[in-house]
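Me: I am new to this structure. Could you walk me through how to read its features?

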Amino acid sequence: PEYVPSGKVGILVSERNSPELAQAVINILKNDKLRKLFSQNGRQYVVENYDIRKIVKKAEKLTLKQLK
């Protein structure tokens, strides 16, 4: 759950709850505004959090910390 900001880039549903999942998908499909919002926010979230340069810097810092 911590990887997906619910309500910002998607909708989190309970585990093994098919009716809840189905309803979430239907809601997104029926709501153009919400679908576009999730799409835009999702892309921005990935750009901000999964940029290869940022990941490499974090890995370098962690490695240097472990070497000390």
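The dialogue below takes the features one at a time.

Me: What kind of model is this?

Reply: This is a predicted model. Keep that in mind throughout.

Me: Let me begin with the helices. How is a pair of packed helices described?

Reply: Two packed helices are described by the angle between their axes and by the distance between those axes. Take helix 1, residues 18-30, and helix 2. Their axes are 5 Å apart and meet at an angle of about 100 degrees. Angles of 65 to 115 degrees count as roughly perpendicular, so helix 1 is roughly perpendicular to helix 2.

Me: Which residues of helix 1 and helix 2 make the contact?

Reply: Helix 1 brings N27, I28, L29 and K30. Helix 2 brings D32, L34, R35 and F38.

Me: Where does N31 lie?

Reply: Look in the loop between helix 1 and helix 2. N31 has a relative accessible area of 33%, so it is partly exposed.

Me: Now salt bridges. How many does the structure hold?

Reply: A salt bridge needs a side-chain nitrogen of Lys or Arg within 4 Å of a carboxyl oxygen of Asp or Glu. The structure holds 2. One joins R35 to D32, with 2.2 Å between the closest N and O atoms. Another joins the side chains of R53 and D51, at 3.2 Å from N to O.

Me: Where do R35 and D32 lie?

Reply: Both are in helix 2. They are 3 residues apart, about one turn of the helix.

Me: Why does R35 count as partly exposed?

Reply: R35 has 32% relative accessibility, so it counts as partly exposed. D32 is partly exposed too, with a relative accessible area of 44%. R53 has 59%, so it counts as exposed.

Me: Next, the surface. Which residues form the nonpolar patch?

Reply: The patch is formed by V46, Y50, I52, I55 and V56. Together they have about 440 Å² of accessible area. Helix 3, residues 52-67, supplies the largest share, 3 residues.

Me: Where is Y50 placed?

Reply: Y50 sits in the loop between helix 2, residues 32-49, and helix 3. Its relative accessibility is 42%, so Y50 counts as partly exposed.

Me: What about the segment before helix 1? Which residues does I11 touch?

Reply: I11 is found in that segment. Leave out residues up to four places away in sequence, and I11 touches S6, A24, I28 and F38. I28 also belongs to the helix 1 side of the helix contact, and F38 to the helix 2 side. I11 has 35% relative accessibility, so it counts as partly exposed.

Technical notes: Residues numbered from 1 in each chain as written. Predicted model: local features only at pLDDT ≥ 70, side-chain atom pairs only at ≥ 80, totals over all residues. Heavy atoms only, no water. Patch = residues over 30% accessible without salt bridge, like charges linked within 9 Å, V, L, I, M, F, W, Y side chains within 5 Å. Areas by Shrake-Rupley, 256 points an atom, 1.4 Å probe, with all protein chains shown as cover. Helix = DSSP H or I, 4+ residues; strand = E, 2+ residues; numbered from the N terminus. Buried < 20%, exposed > 50% of the residue type's maximum accessible area, 1.4 Å probe, protein only. Axes fitted to C-alpha atoms, helices over the stretch in contact; angles between N-to-C directions. Parallel < 35°, antiparallel > 145°, perpendicular 65-115°, else oblique. Contact = heavy atoms within 4.5 Å.
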